Each structure stands twice: as structure tokens, then as C-alpha cells.
Amino acid sequence: MFSESLNLRIALLQKIGAKFDLQIKRTADLIVASVENGGTLFFAGNGGSAAEAQHMSAEYLATLDHRNFRPGIRSVALTTDSSFLTAWTNDFGYEDIFARQLETMGRIDDIFLAYSTSGNSHNICKAITTAKKKGLKVIGFTGNDGGAIGSLCDVCFIVPSTRTPQIQEVHTMLGHELCALVEQKVFGK
């Protein structure tokens, strides 16, 4: 039943409570510093997390709330270039697909926002390692116990659940809160 599903979501949100408040502030400060220094936000994930990466990249590039028009924020979803994605995976496989893009395009003032509900996606782990080597800040969004990603990031939002849909729903809420806070800090909106 829908009401049972809602109750699971409510229980998860109550469990989280204010747990992410300091992380949201710290992450917003990192993103603001990147934006003010001309940096780019890079997003990546697999499956539903790829969709979330694209969704959040679009929020920064466009605007979170169309009633508060503001300049765009440089943002790239590493999951969207079908020519690169198919060429690279055909020739080299999938494991380095995001790492290669960060290796080529990433700069020191950029931020990599990495999504993996399990926290163990090999291509995301490799991309994080590449991003760190290049001097990018890394923000993780995961679930379960954080997996391998949990300890690799500068900031990691670990949703305390093993249910993929609920983890992804919380990632969406966190992403919207972050974007709203960044808009407020950068543009006063």
C-alpha cells in the first residue's frame, strides 16, 4: 500500500533529522567557492543515479526555481555525451568512463559530485580517485554504509537506508537544498 511506503519514507526522514545540516552548509561553501573562481561542477552516476546527476546538473545550469531567474552555473553531467560514452566503452570498457572525462576536463577549482546508491560503483570510485589527483573537491551521495565511496570524498551524504528508491529520493531532496543554498549565497535569491 501507498500509505506503508509513505510511512517508510517518513521514518527515514525522521531518522536523518538534522544529520546533514553541517554537511549541506560545508558543501554549499565548497560549491560557492568553485563558482566564484570560475569552476565547473561535474556530475556522474549509473542508472537512476545517472538520471539524478543529469537532473542536478540541469538545476545549476538552468535555475532551480524559474521564478528567481539568475545567471547559469557552469555544470556538466558526464553521463550525456553519447558519442564519447559509446566510443570509450566500445574500445576500453566502462570502468574508466568518468575518470577519463575528469582527467581531460577537470581543473583545480572544479567539483565532482558523485552518485552511487551502493557506494561501491567501480567507475565512480575510479573517477573520484582521478578527481582527487587533479585537485578537485569531491562530494559523494550514497546510501547503505557509504561503501568505498564514503571514505574517498571531501564530503559524503550517506543516506542510512538499503532501499535504493528511498536513497535516491533523499539524494534529490539534498540536491535541491544545496542548489537553493548556493543560489542564495551567490545571487542573493
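Colleague: What should I know about the model before I start?

Modeller: It's a predicted model, where local features need pLDDT of at least 70, side-chain atom pairs count only at pLDDT 80 or more, and totals for chains, interfaces and linings use all residues. Residues are numbered from 1 along each chain as its sequence is written, and side-chain values use heavy atoms, with hydrogens and water left out.

Colleague: How many helices and strands does the protein chain have?

Modeller: Helices (H or I, at least four residues) and strands (E, at least two) are DSSP runs, numbered from the N terminus. Here you get 7 helices and 5 strands, in the order α-α-β-α-β-α-α-β-α-β-β-α along the sequence.

Colleague: And what is the radius of gyration of the protein chain?

Modeller: That's taken over C-alpha atoms, and the globule rule is 2.2 Å times the number of residues to the power 0.38. The protein chain comes out at 16 Å, close to the 16 Å the rule gives for 189 residues, so it is as compact as a globular protein of that length.

Colleague: Is Leu 102 buried or exposed?

Modeller: Buried means under 20% relative accessible area, exposed over 50%, and partly exposed in between (1.4 Å probe, protein chains only). Leu 102, in helix H5 (residues 97–105), has 0% relative accessibility, so it counts as buried. Contact means heavy atoms within 4.5 Å; leaving aside residues up to four places away in sequence, Leu 102 touches residues including Phe 42, Leu 78 and Phe 112.

Colleague: Which residues form the nonpolar patch with Phe 2?

Modeller: Like charges are joined within 9 Å, nonpolar side chains (Val, Leu, Ile, Met, Phe, Trp, Tyr) within 5 Å. Phe 2 teams up with Leu 6 and Ile 10 on the surface, for about 300 Å² of accessible area together, by the Shrake-Rupley method with a 1.4 Å probe, where for residues only the protein chains shown count as cover. Phe 2 itself sits in helix H1 (residues 2–16) and is exposed at 60% relative accessible area.

Colleague: How many disulfides does a search of the whole structure find?

Modeller: A disulfide is a pair of cysteine sulfur atoms within 2.5 Å. The search finds 0. Cys 153 is in no disulfide, and its nearest cysteine sulfur, that of Cys 156, is 4.4 Å away. Cys 153 is buried at 13% relative accessible area, and Cys 156 is buried at 11%.

Key: Patch = residues over 30% accessible without salt bridge, like charges linked within 9 Å, V, L, I, M, F, W, Y side chains within 5 Å. Salt bridge = Lys/Arg side-chain N within 4 Å of Asp/Glu carboxyl O.
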